[in-house]
Amino acid sequence: MAITSSIATTSFSSCVGGEDYGMFMKKVQPLMNVKIGKAVRSRTMMGNVNDGKGLFAPIVVVTRNIVGKKRFNQLRGKAIALHSQVITEFCKSIGADQKQRQGLIRLAKKNGEKLGFLA
């Protein structure tokens, strides 16, 4: 029984502060020297997921190249505003509330992306 307790004591003492401690620190030391920098945030890209896809995308791209990007974006903005007004007037005529109107506008945007109007 004395042999068993001396083996247990020896292995416990070597584990806590004995001969394995130096080897343990050699393995852990490189991990402790790792410098943690600033977190890198991914940039949010504003754009169409279906860019270049859809039935009307080629027409939209050709028109944008002919008219110019700045003028094209102005025309697109006016068209979107007019379409939103049409949806608003429709919602007023059928008695839909604000939440339903917003849902219809979001649906129109999703459909426009799928069809290629926002290419």
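Reader: With which residue does E89 form a salt bridge?

Author: In this predicted model, the count of salt bridges comes to one. Its closest N and O atoms are 3.9 Å apart, and a salt bridge requires such atoms to lie within 4 Å. The residue that pairs with E89 is K92.

Reader: In which helix do E89 and K92 both lie?

Author: The two residues are three places apart, about one turn of the helix. An α-helix has 3.6 residues a turn, so residues three or four places apart point the same way. The helix that holds both E89 and K92 is α4.

Reader: How far apart are the end C-alpha atoms of helix α4?

Author: Helix α4 covers residues 69–94, which is 26 residues. At 1.5 Å a residue, α4 should span 38 Å.

Reader: What covers the buried residues of α4?

Author: Within α4, the residues F72, R76, I87, T88 and C91 are buried. In the protein, buried residues make up 13% of the 119 residues. The cover over those of α4 includes α3 and α5.

Reader: Which residues does V60 contact, leaving aside its neighbours within four places in sequence?

Author: V60 is found in helix α3 and, at 9% relative accessibility, counts as buried. Two buried residues of α4, F72 and R76, are among its contacts. V60 and L118, though 58 residues apart in sequence, have C-alpha atoms 7.8 Å apart. With those neighbours left aside, V60 is in contact with F72, R76, G116, F117 and A119.

Reader: Which residues form an aromatic pair?

Author: A search of the whole structure finds one aromatic pair. The ring centres are 4.6 Å apart, with 15 degrees between the planes. Planes under 30 degrees apart count as stacked, and the pair is accordingly described as stacked. The two residues are F56 and F117.

Reader: How many residues apart in sequence are the parts that the pair of F56 and F117 ties together?

Author: F56 lies in the loop between α2 (20–32) and α3 (57–67). F117 lies in the segment after α5 (98–115). The pair therefore ties together parts of the chain whose separation in sequence is 61 residues.

Reader: Which residues does F56 touch, not counting residues up to four places away in sequence?

Author: The C-alpha atoms of F56 and L115 are separated by 6.0 Å, although these residues are 59 apart along the chain. F117, the aromatic partner of F56, is one of the residues touched. With the excluded positions set aside, F56 touches L115, G116 and F117.

Reader: Which helix supplies the largest share of the nonpolar patch?

Author: A nonpolar surface patch of about 350 Å² is made by V62, I66, V67 and L75. Patch residues must have over 30% relative accessible area, and V67 is partly exposed at 35%. V67 lies in helix α3. The largest share of the patch, three residues, comes from α3.

Reader: Of contacts between residues at least 6 apart in sequence, what percentage join residues at least 24 apart?

Author: The protein has five helices and zero strands, and its pattern along the sequence is α-α-α-α-α. Among contacts between residues at least 6 apart in sequence, the share joining residues at least 24 apart is 63%.

Methods. Residues are numbered from 1 along each chain as its sequence is written. This is a predicted model: local features need pLDDT of at least 70, side-chain atom pairs count only at pLDDT 80 or more; totals for chains, interfaces and linings use all residues. Side-chain values use heavy atoms; hydrogens and water are left out. Rings of Phe, Tyr and Trp (its six-membered ring) pair if their centres lie within 6.5 Å; planes under 30 degrees apart count as stacked, over 60 as edge-to-face and the rest as tilted. Helices (H or I, at least four residues) and strands (E, at least two) are DSSP runs, numbered from the N terminus. Buried means under 20% relative accessible area, exposed over 50%, partly exposed in between (1.4 Å probe, protein chains only). Contact means heavy atoms within 4.5 Å. The expected span of a helix is 1.5 Å times one less than its number of residues. Patches are made of residues with over 30% relative accessible area and no salt bridge: like charges are joined within 9 Å, nonpolar side chains (Val, Leu, Ile, Met, Phe, Trp, Tyr) within 5 Å. Accessible areas come from the Shrake-Rupley method with a 1.4 Å probe; for residues, only the protein chains shown count as cover. A salt bridge is a side-chain nitrogen of Lys or Arg within 4 Å of a carboxyl oxygen of Asp or Glu.
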